[in-house]
Amino acid sequence: MHPKALLDESASLIEKVFKFDHPADAVVSRHFRENKALGPRERATLSDTVYAVLRERLKFEGLARSGSGSKWRRLAILGFPGDRDFLKSALNDAEKSWLDACAKAGDADLLAPHRHNLPEWLAAVLRDQVGDEFDALAASLLLPAPLDLRVNALKKKREAVLAELRAAGLVAEPTPYAPLGIRLQGKPSLHKLPAFTSGEVEVQDEGSQLLALLLDAKRGEMVADFCAGAGGKTLAIGAAMKNTGRLYAFDTSAHRLDAIKPRLARSGLSNVHPVAIAHERDERIKRLAGKIDRVLVDAPCSGLGTLRRSPDLKWRQTPDTIAAQAELQQRILASAARLLKPGGRLVYATCSLLPQENEAVAEAFDQAHPDFVAQPVAALLPGADAGRLCQGVDGRFLRLWPHRHATDGFFAAVWQRKP
Ligand SMILES: C[S@@+](CC[C@H](N)C(=O)[O-])C[C@H]1O[C@@H](n2cnc3c(N)ncnc32)[C@H](O)[C@@H]1O
């Protein structure tokens with residue numbers, strides 16, 4: 001595609017995404033489905049441009065106050081990746097001079113919001129929590145996330161998979177905290193890789209792997225993954241159970257649960273039972289009350305810990321959406337807790353950085369459920385470094401931060417139902 005046409009296409013896609021009525025990945029995928037002639041390189045350029053503009057929206061909007069042409073075109077110029085000469089061949093002389101002037105503006109010339117690129121309400125909540133580390137946190141949220149894999153221990157050991165990936169020319173290292181994790185350099189395509197097609201590895205952020213580990217599911221147990229979605233954590237839990245016992249994968253989205261099926265087939269797991277429920281108080285949940293050994297509630301949340309992957313969330317969430325999520329999280333946690341046997345373990349997790357969805361939900365649960373005893377997470381994780389991953393009295397909560405741990409932002413709290 002001619003650079004001029006590619007820039008026009010980028011501007012019109014940015015305009016669509018910036019309506020914020022649907023998640024950015026859904027808008028981009030739909031655009032690609034409707035424009036089948038776009039080749040892989042054009043798709044990559046379009047998506048990189050859109051995501052760059054979502055990440056650095058405030059900075060780019062500040063720079064786009066000068067310049068000419070439509071706002072969307074100016075944003076597309078600023079976000080356009082790769083070769084400057086290729087981009088400049090799509091620009092007129094005024095745009096070229098404007099782009100050069102923008103490139104000269106160093107970070108020191110920028111106002112704080114143009115550096116951190118966060119809405120002010122969110123910047124305030126994060127600053128309250130991390131204080132002096134705020135700039136480092138904000139900078140880490142602007143970086144792309146690394147590509148992490150989890151080794152399926154049913155099929156192979158981590159060392160053997162590392163050797164296999166390196167032999168295939170990939171740069172791969174063990175993750176520092178998760179015992180089955182591998183971090184790849186770059187974004188290699190995995191879909192034809194034998195380690196992936198044969199189910200030896202799944203894509204999973206190191207932080208997500210730690211959440212599944214906290215459940216510590218054992219052979220032969222009855223376990224529920226209450227908000228299983230497309231099954232990322234279900235697969236890790238099923239493998240920890242050595243493909244024995246019974247693992248229910250509940251979710252209100254039958255569509256998301258459907259995505260577990262090919263992943264289950266690759267993984268070799270046969271102990272997983274996906275069940276679509278209407279809501280958290282569904283009859284199928286009531287029938288299992290008091291019968292389950294371990295329950296993971298990987299609650300629906302703002303997703304603000306995953307801004308490296310989904311930067312649109314910072315523009316789509318508001319204090320009102322957060323308050324509504326927190327109410328839903330409390331309802332789901334209370335309902336899921338009823339599944340547990342006396343002595344059973346409950347894990348509540350989110351990929352949010354906000355105390356409203358994390359500590360506040362856990363503390364409200366403490367108040368309302370005296371039959372559940374909090375278990376400090378620091379004592380439950382393997383490794384001498386576990387305390388570094390936790391916050392609160394005695395390391396009560398898992399609190400992962402992108403700038404500290406190079407994972408997405410995650411939270412977890414654990415309880416035992418009194419025996
Ligand atoms: C954070 S995502 C789960 C991600 C998944 N555990 C994974 O590791 O890939 C939260 C899930 O909660 C589901 N959900 C939303 N409301 C629910 C409810 N009331 N009961 C159960 N699941 C719900 C959503 O459909 C979504 O799939």
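Which residues does UniProt list for "domain: SAM-dependent MTase RsmB/NOP-type"? The unreviewed entry gives residues 137-418 for this annotation. The structure discussed here is a predicted model.

## Annotated domain

Over residues 137-418, the chain is 33% helix and 23% strand.

## The antiparallel sheet

Four strands make up an open sheet, arranged in the order S2-S3-S1-S4 with antiparallel pairing. Its edges are formed by strand S2 (172-174) and strand S4 (201-203), each of which pairs on one side only. From one strand to the next, the twist averages 35°. In general, the strands of a sheet pair through backbone hydrogen bonds, in either a parallel or an antiparallel manner.

Within this sheet, strand S1 (residues 147-151) is joined to strand S3 (residues 181-184) by 4 bridges in the antiparallel sense. Arginine 150 is placed opposite glycine 181 of S3. Helix H11 (residues 158-167) lies across S1, S2, S3 and S4, and it runs at about 165° to S2.

## Strands S5 and S6

A parallel pairing is found between strand S5 (residues 222-225) and S6, again over 4 bridges. Here methionine 222 stands opposite arginine 246 of S6. Of the 6 residues of S6, 5 are buried, so this strand is largely enclosed by the rest of the structure.

## Surroundings of the ligand

The ligand has 18 residues around it, of which Cys227, Gly229, Gly232, Ser253 and Asp298 come nearest. By class, this shell consists of 7 nonpolar, 6 polar and 5 charged residues. Helix H14 (232-240) and strand S6 (246-251) each contribute at least two residues to the shell.

## Annotated binding site

The "binding site" annotation in the unreviewed UniProt entry covers Asp251 and Asp298. These positions span 48 residues in sequence, yet no two of their C-alpha atoms are more than 10.3 Å apart, so they gather at one spot.

Aspartate 251 belongs to strand S6. This residue is buried, because 23 other C-beta atoms lie within 10 Å and the threshold for burial is 20 or more. Beyond residues up to four places away in sequence, aspartate 251 touches Cys227, Ala228, Gly229, Arg256, Leu257 and Ala276. Aspartate 298 lies in strand S8 (residues 292-298) and is likewise buried, with 26 other C-beta atoms within 10 Å. With the same exclusion of residues up to four places away in sequence, its contacts are Leu211, Cys227, Lys233 and Ala349.

## Annotated active site

Which residue does UniProt list for "active site"? The unreviewed entry names Cys351. Cysteine 351 is situated in the loop between strand S9 (340-350) and helix H20 (359-368). Although placed in a loop, cysteine 351 counts as buried, with 26 C-beta neighbours inside 10 Å.

Not counting residues up to four places away in sequence, cysteine 351 touches Cys301, Gly303, Gly305, Thr306, Asp408, Gly409 and Phe410.

Is lysine 104 buried or exposed? Lysine 104 is exposed, as 7 other C-beta atoms lie within 10 Å and the limit for this class is 12 or fewer. The residue is located in helix H7 (residues 93-104). Its C-alpha atom is separated by 51 Å from that of alanine 153, which is 49 residues away along the chain.

Proline 376 occupies the loop between strand S10 (372-374) and strand S11 (390-391). With 17 C-beta neighbours inside 10 Å, proline 376 counts as partly exposed. Leaving aside neighbours within four places in sequence, proline 376 is in contact with Asp394, Gly395 and Arg396. The C-alpha atoms of proline 376 and leucine 398 are separated by 8.7 Å, and these two residues are 22 residues apart along the chain.

Conventions:
Residues numbered from 1 in each chain as written. Predicted model: local features only at pLDDT ≥ 70, side-chain atom pairs only at ≥ 80, totals over all residues. Near = placed C-beta within 6 Å. Nonpolar A, V, L, I, M, F, W, Y, C, P; charged D, E, K, R; others polar. Pairing = 2+ DSSP bridges. Axes fitted to C-alpha atoms, helices over the stretch in contact; angles between N-to-C directions. Contact = placed C-beta atoms within 7 Å. UniProt positions renumbered as here; feature names shortened; annotations may be inferred.
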